[in-house]
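Please have the sequence and the model open side by side.

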Amino acid sequence: MSNLLRRIEIPIFITIIFTLIQVIPYYVYIQPLDDAAAYIQRWILICLALATFVGVLSLLLTHGKNLQKRSKGWYFSAIVVVFTIVMSIVGLPLAEVGLGAANPIYLFLYNNMLQPLSGTMYAIIAFFIAAAAFRAFRARNVEASIVLLAGILMVCSNAPIFTVTWPPFKDIGTWIFAVPNMATNRAITIGAALGLVALAVRTLMGIERGYLRGGGAEQ
Amino acid sequence: MVTTVLGVFISGRVFGLVCLLVIMAATAYFIRQAQAGKVPTLRRLAGVDAIDEAIGRAVEMGKPIVCSHGIATLRDATTGPQTIAGLSVLSYVARKAAEVGARLIVPVRQTEVWPVAADVVETAYKLAGKGADFKVEDIQFLSSNQFGYSSNYMGLLMREKPGANIMIGAYWAESMQLAETGSRAGAMQISGTAQTSQIPFFLVATDYCLIGEEVYSAGAYLSQDPLLIGSLAGQDVGRIIATILVVLGGLLTTVGSRVLLDIMAV
């Protein structure tokens, strides 16, 4: 029995059936299929809710071991463990006992820690881009020189000091953005969409097995 | 109220369905051809070829390998397949890492992907006969918050100083942070995404970058499975259709005709 359940065909079969139930109603209007797709969406939500616990357990496992071994930087792990436990408990959806998204401790941690930290991380991207631009904008060959030139023109078209000094900078920047940039962007998008369709076909035919255990190899 | 064509097909999606069926038929045809022994030749993907080199480098330096599959779920129509492609690469990297005895760390953002990633890696270790070397704590759920994940990943890179950092999947604003931090940590970096807004960041900050469709082809390329390689030829039919439509659409729009637009709107 256990060997039967471990057969690789089972997850492939499940993937094919559930994919088709989601894809067909996008193109074809058949009420029972629509209902089935909506029903599966509800299943997915339930599965996702359960998966949250997997995340918490993984986090506690990783950082718990760091604490246990007193690994380098163990105090950071202690902070993660403490706040994971606190947020998990006060965020439980039990409004009748004062827990959940409206809980004052949860709100305090969310508004005064999570949000500012997320905002800070987002903001420092500017510095990473500046550092990467410094390395990327070097005229090592013809292609890199074109990137450098386009980059300089785009900077000039976006910086008021340059557009005030020489207004055509704005038009040049707009042209670069709307013509060569857009053409490349669309070419990549079309190519990626075709790759996506091919991946979907491989998955539906059961030959794309990389996402299965061990790349789908039989044990 | 849903408007339909022929009472069944949803209006505005028929042309897309026809294109999809044609590409699917072409892909199926080339898979059949591959089964019959006619395997198409693939162009070389430098980024994918470099994966072995990156693993070897990490082993020689005695450093771990970090391999992530992006931050998207498995469910989204456009980004989910990138996660699947990333997991295919992870499967290959895990098998190689197990064979050469390198430590593999997998940062995960989505809780629903964690069991899949853990299963892929664990089985790869078992298939390599190194099941005892698999450490579940190395499949690390970092945070479901985008920048929580990003800061955790950056910290991981700076603490572990990996010899290789492989990032293939869907990434958003954190791509620059991860790639730049990996570069500072001294890792050989291979990246890949189909997110057009993030490709430039990966291009400038990593050693090799898979662009767009290369991400989806990576798993097939690595496996060298004739059936998977055959399916890639089916994409070329789609590419020919897309090119014809682009040229035809450009010409017809230039002369003021809306014929193609009307057909596509069916």
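**Domains, sheet and helix contact**

Chain A is assigned domain 1 (10-90) and domain 2 (125-204), the bounds coming from an automatic or database domain assignment. Taken over C-alpha atoms, the centres of domain 1 of chain A and domain 2 of chain A are 36 Å apart. This is a predicted model, in which local features need pLDDT of at least 70 and side-chain atom pairs count only at pLDDT 80 or more, while totals for chains, interfaces and linings use all residues. Residues are numbered from 1 along each chain as its sequence is written, chains are lettered from A and ligands numbered from 1 in the order in which they are written, and side-chain values use heavy atoms, with hydrogens and water left out.

Chain B has an open sheet of six strands in the order β5-β4-β3-β6-β7-β8, paired in parallel. Strands (E, at least two residues) and helices (H or I, at least four) are DSSP runs numbered from the N terminus, and two strands pair if DSSP finds at least two bridges between them. At the edges stand β5 (139-141) and β8 (208-211) of chain B, each with a single partner strand, so one side of each has no neighbour in the sheet. B:Val106 stands opposite B:Ile139 in β5(B).

Helix α5 (residues 104-123) of chain A and helix α5 (residues 146-160) of chain B have axes that come within 9 Å and cross at roughly 65°; axes are lines fitted to C-alpha atoms, for helices over the stretch in contact, and angles run from 0 to 180 degrees between N-to-C directions. A:Ser118, A:Met121 and A:Tyr122 in α5(A) meet B:Phe147, B:Ser150, B:Ser151 and B:Met154 in α5(B), contact meaning heavy atoms within 4.5 Å.
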